[in-house]
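Visitor: I am new to this structure. Could you show me how to read its features, one after another?

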Amino acid sequence: PQDRVLVASHRGRNRPSRAFEEALRRSGPLPRLEVFAEMDCPDCAVLVPWLEALVRLRPDADLLFRPREGHEELLRLRSGEARIPTVAAWGDAPRPEGLFVERPGAIREGGEAVVEAYRSGVFAEDLERELLRLLGAGA
């Protein structure tokens, strides 16, 4: 209920661009993704429209979702910290080939005003660039 309202509010403000969707369509094989997220997390809710686009446009996408709760130690093993959302891209190596942790790197250490702007969609291009890089789809 409350978490659905949170996700719906972000869905209305944050949408993948046509360029992002086109890059997904054109990309080759995707890495397996391990996504640590919880629906009551505002930064996780921001990510939902992009993950939905990935699954819609690429039915071959292989995503495994885990909550942070109960997986904190595994999160620390993956990324060195227990922040969500965390998306780990897996290939054949025994360690993730790429990571997205919490927010795009360019704004990760920003103050509250930057965080609110991110949650309002102001930094969508930064998010798309990092997700495409993680997926090996360019950008």
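Guide: Start with one residue, and keep in mind that the model is predicted. E34 has a relative accessibility of 3%, so E34 counts as buried, the cut-off being under 20%. E34 is found in strand β1.

Visitor: Which side chains make polar contacts with the side chain of E34?

Guide: One is the side chain of R78, joined to that of E34 by a polar contact of 2.6 Å. Another is the side chain of W90, where the polar contact with E34 is 3.1 Å. Leaving aside residues up to four places away in sequence, E34 touches L64, R66, L74, R78, T86, V87, A88 and W90.

Visitor: How should I read a helix that has a buried side?

Guide: Begin with the general idea. An α-helix has 3.6 residues a turn, so residues three or four places apart point the same way. Now take α4, which spans residues 72-79 and has L75, R78 and S79 buried.

Visitor: Which exposed residues does the face of α4 turned away from its buried side carry?

Guide: That face carries E73 and L77.

Visitor: What covers the buried residues of α4?

Guide: The cover includes three strands: β1 (32-36), β3 (86-90) and β4 (98-101).

Visitor: How do I read backbone angles and peptide bonds?

Guide: Most residues other than glycine have a negative phi, and most peptide bonds are trans. Here E102 has a positive phi of about 70° although it is not a glycine. E102 is found in the loop between β4 and α5, and with a relative accessible area of 9% E102 is buried. G80, which follows α4, also has a positive phi, near 90°.

Visitor: Is the peptide bond from I84 to P85 cis or trans?

Guide: That bond is cis, with omega near -5°. P85 lies in the loop between α4 and β3.

Visitor: How is empty space inside a structure found?

Guide: Rolling a probe the size of a water molecule over the atoms shows where empty space is left. In this structure, a search of the whole finds one cavity of 30 Å³ or more. The largest cavity holds about 50 Å³ of space.

Visitor: Which residues line the largest cavity?

Guide: The lining consists of F20, L33, W50, L51, L54, V87, L131, L134 and L135. At least two residues of this lining come from each of α3 (42-57) and α6 (124-135). V87, one of the lining residues, is also touched by E34.

Visitor: What order do the elements of the protein chain run in, from the N terminus on?

Guide: The order is α-α-β-α-β-α-β-β-α-α, made up of six helices and four strands.

Visitor: How many of the residues count as buried?

Guide: The protein chain has 139 residues, and 46% of them count as buried. The accessible surface comes to about 7,500 Å², with 51% belonging to carbon and sulfur atoms.

Visitor: What about contacts along the chain?

Guide: Take the contacts between residues at least 6 apart in sequence: 67% of these join residues at least 24 apart.

Technical notes. Residues numbered from 1 in each chain as written. Predicted model: local features only at pLDDT ≥ 70, side-chain atom pairs only at ≥ 80, totals over all residues. Heavy atoms only, no water. Buried < 20%, exposed > 50% of the residue type's maximum accessible area, 1.4 Å probe, protein only. Contact = heavy atoms within 4.5 Å. Areas by Shrake-Rupley, 256 points an atom, 1.4 Å probe, with all protein chains shown as cover. Polar contact = N/O pair within 3.5 Å; in protein donor to acceptor, adjacent residues only side chain to side chain. 1 Å grid on protein atoms, 1.4 Å probe; cavity = no way out; pocket = protein on both sides within 12 Å on 5 of 7 lines; lining within 4 Å. Points joined across faces, edges and corners; volume = space filled by probe spheres on them.
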